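Please keep the sequence and the model at hand while reading.

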Amino acid sequence: MARDRFAPDFDPDCGDAVLTNATHDIVIGRWQGLRDLLRVTGADWLARGHRIRLLAQACASTSTAESWLAAEPYSADALVLRAATETARAFNLAIAAGRGVPIDPHRVDTAVTACLQAAEAYLDDPTPWISLISVARLYPAGVRRQELARWWDELHRRDPYSVEGHLQVLHYYSARWHGSHGLMYDFARDAAGVAPQGSALPVLLQYARVEEYRYALDAGHAGQSAVGLGQHWSHDGAVSDVRRTWQRWIIGRTDNGVAPGELRDLNYLAHAACHAGDKEVAGAVLRMLGPRATRTPWSYTGDPELQFVKWRKEMRVRG
């Protein structure tokens, strides 16, 4: 009998079944499931950040977050979700407006205010500070360096090894936003350098590599040198970064399981290892992932499903 064809699982919730159930509630305007989910999540910052981010995206086109806040105006969880939702809405407006077109600064101000209110309501939670640093990118000139540094200090104090938090700063410092390739890579290398063994922070180098690639495509630089862009993933520095992330993060991990909040990070490492030609790392990470895939970063270099299947076949990954 023919073997069933392998198909990647691009579950947008990354296998977080309870999150999926809560997201279904949003469609019918029911907020109680969100309250229960975040209450159970508690101070698991990795899971909380993952869930808040995806709930906010689902809430952005509805009034569910506002309904919850109206019913429980002093709920810290409701305020945190509202802040993330306002941030998601601001980014949706920016995407709709198009690259380089500023949106109404009042919408950015509204999100910033919501983030600061949430941070005050839930003092230990790093999530509002992540949202705050994220939405700061939408100001045409960014924010004052001292202000960004203060927000970063608040986040770092609460969750010093937050990949999502570091990622928002990395985006802010990128050439597509308010920095440069050099500034972005310096930040990523500094963060990776001080991360303890087993921390996922070294994968910031793979995020930076993708960010640089996207900039080349967005700016129309891809045609300047086909050879240069072709070596983007496989030059000596890129290959060394993949190997270091593998050694510092994956080899140093003490948990064999893969949390939903780690799935995107692992896909970034798998993607980088495949394109760098490091078969040992690529094969091992693809085996860790199994069928679980995230559309980014695969979508930046082609059709996500076709690429994921192709690389698994090339790396002789089974199961």
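In which segment is Arg-316 found? Arg-316 is found in the segment after α17, where helices (H or I, at least four residues) and strands (E, at least two) are DSSP runs, numbered from the N terminus.

## Basis of the description

This is a predicted model, in which local features need pLDDT of at least 70 and side-chain atom pairs count only at pLDDT 80 or more, while totals for chains, interfaces and linings use all residues. Residues are numbered from 1 along each chain as its sequence is written, and side-chain values use heavy atoms, with hydrogens and water left out.

## Backbone features

Most residues other than glycine have a negative phi, and most peptide bonds are trans. Arg-316, although not a glycine, has a positive phi of about 55°, and with a relative accessibility of 65% Arg-316 counts as exposed (buried means under 20% relative accessible area, exposed over 50%, and partly exposed in between, with a 1.4 Å probe and protein chains only). Cys-14, which lies in the segment before α1, is not a glycine either and has a positive phi of about 60°, but Cys-14 is buried, its relative accessible area being 14%.

A cis peptide bond runs from Thr-296 to Pro-297, with omega near 10°. Pro-297 has its place in helix α16, which covers residues 295-298.

## Aromatic pairs

A pair of aromatic rings is described by the distance of the centres and the angle of the planes. The structure holds nine aromatic pairs, counted where rings of Phe, Tyr and Trp (its six-membered ring) have centres within 6.5 Å, with planes under 30 degrees apart counting as stacked, over 60 as edge-to-face and the rest as tilted. One of them is the stacked pair of Phe-6 and Phe-308, with 6.4 Å centre to centre and 20° between the planes. This pair links distant parts of the chain, since Phe-6 is in the segment before α1 (17-27) and Phe-308 is in helix α17 (residues 304-314), 302 residues apart. Phe-6 is partly exposed at a relative accessible area of 23%, whereas Phe-308 is buried at 0%.

Tyr-172 and Tyr-173 form an edge-to-face pair, 5.9 Å centre to centre and with 75° between the planes. Tyr-172 counts as buried at 5% relative accessibility, while Tyr-173 is partly exposed, with a relative accessible area of 24%. Both tyrosines belong to a cluster in which ring pairs link Trp-152, Tyr-172, Tyr-173 and Phe-187.

## Charges over rings

The charged end of Arg-99 sits over the ring of Trp-177, at 4.7 Å from the ring centre; here a charge sits over a ring if NZ of Lys or CZ of Arg is within 6 Å of the ring centre and within 35 degrees of the ring normal. Lys-310 lies over the face of Trp-311, 4.2 Å from the centre of the ring.

## Helix packing around α1

Two packed helices are described by the angle between their axes and the distance between the axes. Helix α1 packs with helix α3 (residues 45-59) at an angle of about 25°, their axes being 10 Å apart (axes are lines fitted to C-alpha atoms, for helices over the stretch in contact, and angles run from 0 to 180 degrees between N-to-C directions). That makes α1 roughly parallel to α3, given that angles under 35 degrees count as roughly parallel, over 145 as roughly antiparallel, 65 to 115 as roughly perpendicular and the rest as oblique. The contact (heavy atoms within 4.5 Å) involves residues of α1 including Val-18, Leu-19 and Ile-26, and residues of α3 including Leu-54, Leu-55 and Ala-58.

α1 also packs with α2, at an angle of about 155° and with the axes 8 Å apart, and that makes α1 roughly antiparallel to α2. At this second packing, Val-18, Leu-19, Ala-22, Asp-25 and Ile-26 in α1 meet Gly-33, Leu-34 and Leu-37 in α2.

Arg-35 has its place in helix α2 (residues 32-41). Leaving aside neighbours within four places in sequence, Arg-35 is in contact with Trp-68 and Glu-72; the C-alpha atoms of Arg-35 and Trp-68 are separated by 8.2 Å, although these residues are 33 residues apart along the chain.

Asp-241 is found in helix α13 (residues 236-250) and counts as buried at 2% relative accessibility. Not counting residues up to four places away in sequence, Asp-241 touches Arg-189, Leu-205, Gln-206 and Arg-209.
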